Every structure is written in C-alpha cells, then in structure tokens.
Amino acid sequence: DEQQFFSNTLPFIIGCAAKLPDLLPELKLTKLRQNVRASLLLPRDVVASLIAHMFLCTLVFEKRSEAMPGVLFDALHMSTDDSPQEVAKMRMFVNYFERIQ
C-alpha cells in the first residue's frame, strides 16, 4: 500500500540509515576476499542500517571493485514494469523493512 510505504516504511528506512554512525562509528568493515577463509558477523541493526543506505543510495565509495560493481539500489529504483524481476527485488526489500519495524 502506497500510503503505508510513505507514512511508515520510508521514514523507518531513513531512521535505520541515520543510525549507522552510532552503530559503526569508524564506518569500516573488514573486506572478505575470495578464496580466503574468513567470516564477518554483523548485528542485525547494523545490517538493517547498511541495507537502508543501499536502498536510499546514500553510500559513498572511494574505490569500486570489479568484483563488486554495484551495491546501491539505483538500478532497482529505475526499473520499470518491463523488468518484473527487478520490481520483485524491490518489493522484497520493502517487505524486509516492513517486517523489522
């Protein structure tokens, strides 16, 4: 429902994004590399904040890697009815935020 999204879900997403400096003060994460055994555990609120920034396209990167070309949702935001799989992805992320509210 459009009204639900703009009155509840979007403000919640913005609030999640706003918490990142408090949740991850140095704004750095360990980079995992292919073929190197390692793990990274993140609290749910940090993950929600990172996904919120990705959804809002507010992350800024100094360098981008070919191995990880896109982590923002700009392509999803620009998708149309001609790409139902992209619309389904967007709906999945909106549903994620609705569920964790």
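Modeller: Let's start with a definition: helices are DSSP runs of H or I with at least four residues, strands are runs of E with at least two, and both are numbered from the N terminus. This is a predicted model, so local features need pLDDT of at least 70, side-chain atom pairs count only at pLDDT 80 or more, and totals for chains, interfaces and linings use all residues. Residues are numbered from 1 along each chain as its sequence is written, and side-chain values use heavy atoms, with hydrogens and water left out.

Colleague: Got it. How many helices and strands does the chain have?

Modeller: Five helices and zero strands. Walk along the sequence and you read α-α-α-α-α.

Colleague: And what percentage of the residues counts as buried?

Modeller: Buried means under 20% relative accessible area, exposed means over 50%, and partly exposed is in between (1.4 Å probe, protein chains only). Here 24% of the 101 residues are buried. The chain as a whole exposes about 8,000 Å², with carbon and sulfur atoms supplying 55% of that (Shrake-Rupley method, 1.4 Å probe).

Colleague: Which residues of helix 5 are buried?

Modeller: E86, M90, F93, V94 and F97. They sit on the same side of helix 5, because they cover an arc of only 95 degrees around the axis (the arc of the directions from the axis to the C-beta atoms). Turned away from that buried side is a face with the exposed residues P84, R91 and R99.

Colleague: Which residues touch the most other members in the largest nonpolar core?

Modeller: The general idea is that nonpolar side chains tend to be buried together in soluble globular proteins. A nonpolar core is a set of buried Ala, Val, Leu, Ile, Met, Phe, Trp, Tyr and Cys residues joined through side-chain atoms within 4.5 Å. The largest one here has 13 residues, and I13, A52, F55 and F97 touch the most other members. Helix 1 (2-18), helix 3 (44-56) and helix 5 each give two or more residues to this core.

Colleague: What is F97 in contact with?

Modeller: Contact means heavy atoms within 4.5 Å. Leaving aside neighbours within four places in sequence, F97 is in contact with T9, F12, I13, A48, I51, A52 and F55.

Colleague: Last one. Where is L27, and what is its phi?

Modeller: Most residues other than glycine have a negative phi. L27, in the loop between helix 2 (20-23) and helix 3, has a positive phi near 55 degrees. N35 lies in the loop between helix 2 and helix 3 as well, with a positive phi of about 65 degrees although it is not a glycine. L27 is exposed at 52% relative accessible area, and N35 is exposed at 80%.
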